[in-house]
Amino acid sequence: MLVGTMLHDVFQKATTCGFTEAVLQNLALQTVYGPKYLKEMYQLKLNQADVLQEIEEYLPSFQKWTSDYMTPATLTNWTLGLSAGNITDKRALQVSEFLDIEENVWSPRFGLKGKIDVTTKVKIHQKSKGVKIMPLELKTGKESNSIEHRSQVILYTLLSQERREDPEAGLLLYLKTGNMYTVPANRLDKRELLKIRNELSFYLTNVVQKSDNGTKEIKLTSLPSLIADKQACKFCSQLRNCALYSRSVEQENGSPYIPADMLSVIEKETAHLKVSHLQYFNLWCLMCSLEASSKESKTGRKNIWMLSSEEREEDGQCVGNLIRIGSVQCVSDGQHLHCFQRRSGDIPATNLMTGDRVVVSGEEKKFLALSTGYIKEVNKNDITCILDRSLAKIPPGTIFRLDHEEGGSGMQSHLGSLSKLMENSPSSEKLRDLVIDFKKPSFIQHLSSVLPHDAKDTVANILKGLNKPQKQAMKHVLLSKDYTLIVGMPGTGKTTTICTLVRILYACGFSVLLTSYTHSAVDNILLKLKKFKVGFLRLGRTQKIHPEVHKFGEEEICKTKSIKSLGALEELYNSQPVVATTCMGVNHPIFTRRRFDFCIVDEASQISQAICLGPLFFADRFVLVGDHQQLPPLVQSAEARELGMSESLFKRLERNQDAVVQLTVQYRMNSKIMALSNKLVYEGRLECASERVSSAIVQLPHFKSLQLELEFKGSIESVWVKDVLEPSNPVCLLNTEKIPALETEEKCGISNRIEAKLVFLLTSLLLKAGCKPSDIGIIAPYRQQLKVICSYFTNLSSSAVEINTVDKYQGRDKSIIILSFVRSNINGKLGDLLKDWRRLNVALTRAKHKLIMIGCVPTLCRFDSLEKLICYLRSENLICNLPPGAHEHFTV
DNA sequence: CCTCTGCTCAGAGGA
């Protein structure tokens, strides 16, 4: 397959460089010895010289083809026409020009999308026809002229119609021989192909069945019945998935018909699985399907062709009415730098940011999805992006639009892991035992049997800096044979613990795979780790990696060392015992060749089960670090959530308490702030690391003079304001009940203008009292509220005050946190967000020295979790009732 | 009812 891809590349490049022997030879050399396919050759353990030889064998056929079809032939009488299946008559058809390669076409009306190998201008020697633009499909394999190949060409003629006149036929070129076939696109063939396409699509869009007979049963439905062709199935890459689905879903549903031949194939393919495994597969397939359709309906790709650019601009997901300016710069293979300008005026306000994936289309429907790529920069009057195709040949004057490509599909990685978990392999079997069947994790008896003798002193040294629970955690991991769960309560030094753990494992000579869901979480640990003498390799796109970690990044190293040979690449991949990447980065070729002694997954309580499994396949033992009392994985579909999709692997495995170690000593909050979450969530287990942590309060150098100023004004506000700001009162809830401060519900979300104003006033006063803007954090559960708060801050120079959602603040802290609860109404409406006590726990544990909460007590009391909090605050006398109109009177 | 981060990807060929 790889050789096929490379040959395509050579041919496609030759369409612009020429088909002479020397050029082709050179292109083959560049392709094999260039950087593009190095990773794949590494994965397949190939040898560059062998690959080159294999490719060279094709080159004479390339030339034969050009001499047959690209030299103006002497005209003879036209005899053939576009008759089916025959080798094209060289005299009847000539390729006069190559118009494009890898043309990208989305066809909503046919429900197809694809890329056309080569778009050619063809001269047909027949009176009525003359010149046509046709798709040319390249095949490097056996010259089968099979129904599959011909059907593919017919589908390309459909795609081709989206851009131009119906070609009525396409070309099929076999590169091994240089023979070319004309494939006429008959109406009946096209109709049958679309019928097959629609049937499959119907089944896939209706995989979930919701019965409304009162039982509220949701289940997966059956797919089209299996084809009875053992030969075809034998080599199919989907055989396992097909068999799994058939056994766990279709046979459970009592599907009417399974070909007798296939029963044994399915049985053989799934014989290693227990009932519990099939049930797990069924449930996760169902939840993934629910979540996928929920995502699709929300941010589906279809908006790009269903909505005008003006409509989409309102959501900030698109910029339309653009023209291309300057010339297209080719940065590297498949990376073309483009610049766009608004036809008139500046670029409108948009959510598009550097690094976002975009789809470029013409405003005209026929130019849908010309290219995809990344935003490089958004300026006041232009946008630059790097696109996979050059738009230089698109007619000048074309008006473009850029659409944000939002995840869309997104569930493939989940399903991929799930499928792999069912594989008949030792590592999958072990994980099935542990994850699905809750097999008890086992441990080694004595540390001495794992700790190499010469590493003892180093390890002892490293351990010195840790507190007791942290040391306990290290020991637990070293003794584990299967897994360890480290509960990192807020502020307990999770990052330090992980960093130390890596150092110890490294010192003991173990290899470590270090992962987390987000790039920033991975880099967080690496930033700490790079200060020690631990080498590591960071996989992933440079653009997504923290600048200070770049020099450990794979791409960066390949560039600076200009790695071009397979040997050098292999050496790089084997160079470090510690490898770091995201959980979704495990499709990297390195993982087909390397295994690790340990895998560490940070923020594991926030990662979806299937995604978290991804890196675990490549390690003998694993360590999950997280805190299930904080936010769980995000699931959009309420139905999927009810079925348990937001249960992380961390949470699932926590039932094996002997695998759990808790980090309870925290360095973040002072004792008053810590007490809140200790009361609500941690049952008093959380403790301050030292007296200094426990009694730390905020520094407000000008607090006294501010106090005097307020008293001088003699306003009633001065009383409560003073109490609220007072550094020695670390916790306070401002009750807006009497003001009153009602929420507003808008199309884009819920906000509370008065709370927003109070937030702004308090922030201004804190700054006036001498607080650094970067020490203040503002948190609200709702995005819309953040927008409103931000609007108050636009004129203030203090933009360093960080305003964000609770979710985004997880893992972070600030000296002072101002928390706006937002919800305040009389009709008893509650939001789901605040109901989640885990979100509340996160919100309450971000402040180091001072936590100011703003909310309407009677409304908040309707949430169970908040009622508990308010009860406690009341008992401690920490609620401050704001007087009516408290937000109005004073000026700052 | 409004919390969001990962993913290049469609097609490379075999029987």
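Of the atoms of DNA strand B within 4 Å of the protein, 69% belong to sugar or phosphate, and the rest to bases. This is a predicted model, in which local features need pLDDT of at least 70, side-chain atom pairs count only at pLDDT 80 or more, and totals for chains, interfaces and linings use all residues. Residues are numbered from 1 along each chain as its sequence is written, chains are lettered from A and ligands numbered from 1 in the order in which they are written, and side-chain values use heavy atoms, with hydrogens and water left out.

**DNA strand B**
- DNA strand B is surrounded by 40 residues, and the closest are T140, Y517, H519, T582 and R839. A residue counts as near if one of its heavy atoms lies within 4 Å.
- Phosphate oxygens of DNA strand B lie 3.2 Å from a polar side-chain atom of K113, 2.9 Å from one of E137 and 3.0 Å from a side-chain N or O atom of R783.
- Elements giving two or more residues to this surface include α1 (2–17), β3 (130–139) and α11. β2 gives the most, with 4 residues. Helices (H or I, at least four residues) and strands (E, at least two) are DSSP runs, numbered from the N terminus.

**Seven-strand sheet**
- An open sheet of 7 strands runs in the order β16-β17-β15-β18-β19-β14-β20, with parallel pairing. Two strands pair if DSSP finds at least two bridges between them.
- β16 (537–538) and β20 (660–663) stand at the edges with a single partner strand each, so one side of each has no neighbour in the sheet.
- β14 (residues 483–488) pairs with β19 (residues 619–626) in the parallel sense over 5 bridges. T484 stands opposite V623 in β19.

**Strand β26**
- All of β26 (residues 776–780) is covered: 5 of its 5 residues are buried, meaning under 20% relative accessible area (1.4 Å probe, protein chains only).
- One face holds I776, I778 and A780, the other G777 and I779.
- β26 runs parallel to β28 (residues 814–820) over 4 bridges, and 4 bridges also join β26 to the parallel β27 (residues 802–805).
- I778 has bridge partners I818 in β28 and I803 in β27.

**Nonpolar cores**
- The largest nonpolar core has 138 residues; F11, F62, L624, F821, M853 and L869 touch the most other members. A core is a set of buried Ala, Val, Leu, Ile, Met, Phe, Trp, Tyr and Cys residues joined through side-chain atoms within 4.5 Å.
- Helix α11 (residues 275–299) gives this core its largest share, 9 residues.
- A second, separate core of 42 residues includes L762, F793, V822 and C880.

Technical notes
Buried < 20%, exposed > 50% of the residue type's maximum accessible area, 1.4 Å probe, protein only. Polar contact = N/O pair within 3.5 Å; in protein donor to acceptor, adjacent residues only side chain to side chain.
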